[in-house]
Amino acid sequence: MKYARIVKLFAEQAGLTYEQALGMFYDSVTYDLVSNGVADMHCFSDEYLADELLLEFGYKKSTANN
């Protein structure tokens, strides 16, 4: 369930469809780190991890939700 929440946030903030965001998530370094438990990344908040994806793929965080 955590992955679904992260992908949903990432999609909303990057302006992507859920399917696009899901594909990018599974190809990301962030996913690799979370799934392998590196640096306890799986313990970070969904929002933090979505922000990491935005940074990784060069998207600017939307200010509409802030």
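Confidence in the protein chain is lowest in helix 3 (residues 29–35), at a mean of 94, and highest in helix 2, at 98. This confidence is pLDDT, the predictor's own score for each residue, on a scale from 0 to 100. The chain as a whole has a mean pLDDT of 91, and 92% of its residues reach 70 or more. Where pLDDT is low, the predicted coordinates should not be read in detail.

The model is predicted: local features need pLDDT of at least 70, side-chain atom pairs count only at pLDDT 80 or more, and totals for chains, interfaces and linings use all residues. Residues are numbered from 1 along each chain as its sequence is written, and side-chain values use heavy atoms, with hydrogens and water left out. Helices are DSSP runs (H or I, at least four residues), numbered from the N terminus.

**Helix 1 against helix 2**

Start with the crossing of two helices. The axes of helix 1 and helix 2 come within 9 Å and cross at roughly 120°. Each axis is a line fitted to C-alpha atoms over the stretch in contact, and the angle, from 0 to 180 degrees, is taken between N-to-C directions. This crossing is right-handed. In general, a crossing is right-handed if the near helix is turned clockwise from the far one by less than a right angle, and left-handed if anticlockwise.

Which residues of helix 1 meet helix 2? They are Tyr3, Ala4, Ile6, Val7, Lys8, Phe10 and Ala11. On the helix 2 side stand Tyr18, Ala21, Leu22, Met24, Phe25 and Tyr26. Contact here means heavy atoms within 4.5 Å.

**The core**

The largest nonpolar core has 14 residues, of which Phe10, Leu16 and Ala21 touch the most other members. A nonpolar core is a set of buried Ala, Val, Leu, Ile, Met, Phe, Trp, Tyr and Cys residues joined through side-chain atoms within 4.5 Å. Helix 1 (2–14), helix 2 (18–26) and helix 4 are the elements that give two or more residues to this core. Helix 1 gives the most, with 5 residues.

Look at Leu16. Beyond its neighbours within four places in sequence, Leu16 is in contact with Phe10, Ala11, Ala21, Met24 and Tyr59.

Now move to helix 4 (residues 46–56), where Leu54 lies. Is Leu54 buried or exposed? Leu54 is buried, because its relative accessible area is 2%. The cut-offs are simple: buried is under 20%, exposed is over 50%, and partly exposed is in between (1.4 Å probe, protein chains only). Leaving out neighbours within four places in sequence, Leu54 touches Phe10, Gln13, Ala14, Tyr59 and Lys61. Leu54 and Leu9 are 45 residues apart along the chain, and their C-alpha atoms are separated by 10.0 Å.

Thr30 lies in helix 3. Thr30 counts as buried because its relative accessible area is 4%. With neighbours within four places set aside, Thr30 is in contact with Leu49, Glu52, Leu53 and Glu56.

Ser35 is also placed in helix 3. Its relative accessibility is 32%, so Ser35 is partly exposed. Ser35 and Tyr3 are 32 residues apart in sequence, yet 9.6 Å apart in space, C-alpha to C-alpha.

**Aromatic rings**

A pair of aromatic rings is described by the distance of the centres and the angle of the planes. Rings of Phe, Tyr and Trp (its six-membered ring) pair if their centres lie within 6.5 Å; planes under 30 degrees apart are stacked, over 60 edge-to-face, and the rest tilted. The count comes to 9 aromatic pairs. One of them joins Phe25 and Tyr31: it is edge-to-face, 5.2 Å centre to centre, with 65° between the planes. Phe25 is buried, at 1% relative accessibility. Tyr31 is partly exposed, at 22%. Ring pairs also link Tyr3, Phe25, Tyr26 and Tyr31 into a cluster.

| Residue | Relative accessible area | Class |
|---|---|---|
| Ala39 | 61% | exposed |
| Asp40 | 44% | partly exposed |
| His42 | 38% | partly exposed |

Ala39 has a phi near 55°, a positive value in a residue other than glycine. Asp40 has a positive phi of about 55°, and it is not a glycine either. His42 lies in the loop too. Apart from neighbours within four places in sequence, His42 is in contact with Lys2, Val34 and Gly37. The C-alpha atoms of His42 and Leu22, 20 residues apart along the chain, are separated by 17 Å.
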